[in-house]
Amino acid sequence: MDLDRLRVALHARVKTTRARLGAATVGRPGWSGKTWRVAAWITYRVWMFTRGLTVWMAKHALFTLAVVTVSFGWWGILTLADLPGDRITGPVLLALVFLSPGLFHGLWAAITPHGYLVRMHGRKVVAAWPKVAAACGIGDRQPGGEVLVPKLSKIRYETGATVLRIHTMPGQTLDTLHRAAPAITTTYKAHGFSTTTVKPGVLDLRLFTAARIPGAVAGLPLLEAATPDGLIVGRTRSGGVAQLVVRGRHTLVVGATGAGKGSALWSVVGGLAPAAHTGLVEFSGLDLKGGIELEMGRSLFTRIAYESTDSLRVLRELGSIMNQRKETMRGKSRLHEPRLGDPLHVLVIDELADLMAYSDFETRREADRLMSKLLTQGRALGICVLSCVQNPRQEAVGQRNLYPQKIALRLDSDIETDMVLGPAMALAPAHTILKADPGTAYLVREDGSPELMRFDYWPDDLIRDVALRFAAPRPARAPSGALSASDADAVNAWTAAATRRGVSNDNTAAKSEDNTATPRKPRKPRAPRKPRAPRASRPAPAASAEEV
Ligand SMILES: Nc1ncnc2c1ncn2[C@@H]1O[C@H](COP(=O)(O)OP(=O)(O)OP(=O)(O)O)[C@@H](O)[C@H]1O
């Protein structure tokens, strides 16, 4: 823990020192900055040339020694014999001609430093492969003492990862390679790995060269990308997009306080907001922390509850939708297809423990019953649950096995990781994620394969903006019915956001096809109403015969 803090502090110090140095040199405005930049460029290229040349000479040390000795010898003989004429050109030309491959090597490094470094790394990996494979137990010792190892047929480079294509040997299965993958990763001093089966007997082993995934801020969602079958929610370690399947899955998001559960939640709600606006997806939300998380995007939700009795109402409503669907889908389809008028229902729960562990006994019991029904029957019927929780212990997430997809953000201990991920923990050590990397998580899919990823960050302003543009066709009313203080806050926030963007508050901009907000002419303020004259009192209605 202290080591962790020290590492983060050191990292921060190095970052600030580099930033200061950069600002004082290459980052300076005007000519002095330009001069620094040119000087830095030349110094780097010279360094890369020297490096390339030195590497070549070290690799051909005997040959280099021989050329240098002959050149010096030639020059020495001419000097000792005191012969007239030029004594330098001949020996120098000889050295240049024979060392020209090294000079080309140096030039290659100076002209394309990145390509050069990548190729050099690849060569090292290939050269070390027989020893690494034998040490990691996937070699086969022959009677003569020779060790045969699986073939390494190709090396590929992706951003942040080196990919090794490995072929099994006769008598081996892909499982043998899978089991050796952690040892191979450590031996090559990589930060992690993932595996992909290319075809029977061939595996791509992806070795990650970066320990951390840089953070990114989410942008406005697009309708084309708002698909529940592969929603883009962040980045992977190799720099690609991280996708989450929402349809046909229940997802459990677990993370210590400040781990970034909000990013996971809004990546789904915000990402699917355009689909909710068109009516293909319908969000229901439970936030028993008094709506602190969901209120900002309330207009995206069709049902919402901020206290336990209301939560049961929402769960019951979803239960009855599920029962109706059972009737209509029976014998026709086994996985619900979202359509207009028959949307995919996504139930989003912020802090599941508030409902399942900290409510009164009766509420807990009823919530447990309703949730069990939704979790066991809902996914095929187009009702998916996304539950967020801090504490993965039994009393809070007794139904954790009913969530086929799990997202483990930073957790406090390996015990918690084990509780959430079970056997996948070995490949997804969520307790090792740094506090300095909120939003970073292991996504463990239905098949148990884990992937380290980082959710995009959803700032409050973006959530408000999305709520303003993509309100659900029938957005949830304030849970209490009347305009509460939080309602008023939400309205103010919307109005403020709308004023800033120059849009009206009635979602007409959101309904425009390209979703671009067009400023409107401000309306003339209304003249105050004239006070009404008091009504003349009506005569009391005559009593009916029955009343008498
Ligand atoms: N994806 C992200 N990238 C960068 N920073 C993030 C990301 N997600 C969250 N953060 C930062 O971490 C802080 C805490 O995030 P968040 O509130 O989502 O955590 P949480 O897990 O919901 O915490 P709690 O359970 O206490 O509510 C945010 O205020 C933000 O500054």
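Mentor: What follows is a description of the residues around the ligand, with particular attention to two of them. Please keep in mind that this is a predicted model.

The shell around the ligand has 15 residues, of which Gly260, Lys261, Gly262, Pro438 and Gly439 come nearest. Sorted by class, nine residues of this shell are polar, four are nonpolar and two are charged. Two elements, helix α8 (261-271) and strand β16 (450-455), each supply at least two residues of the shell. The largest share, three residues, is that of α8.

The UniProt record, an unreviewed entry, lists a "binding site" that consists of Gly255, Ala256, Thr257, Gly258, Ala259, Gly260, Lys261 and Gly262.

Thr257 is placed in the loop between β9 (251-254) and α8. Thr257 counts as exposed because it has 9 C-beta neighbours inside 10 Å, and the cut-off for this class is 12 or fewer. Gly262, in turn, belongs to helix α8. Gly262 counts as buried because it has 22 C-beta neighbours inside 10 Å, where the cut-off is 20 or more. Apart from its neighbours within four places in sequence, Gly262 is in contact with Glu293 and Trp458.

Methods:
Residues numbered from 1 in each chain as written. Predicted model: local features only at pLDDT ≥ 70, side-chain atom pairs only at ≥ 80, totals over all residues. Near = placed C-beta within 6 Å. Helix = DSSP H or I, 4+ residues; strand = E, 2+ residues; numbered from the N terminus. Nonpolar A, V, L, I, M, F, W, Y, C, P; charged D, E, K, R; others polar. UniProt positions renumbered as here; feature names shortened; annotations may be inferred. Contact = placed C-beta atoms within 7 Å.
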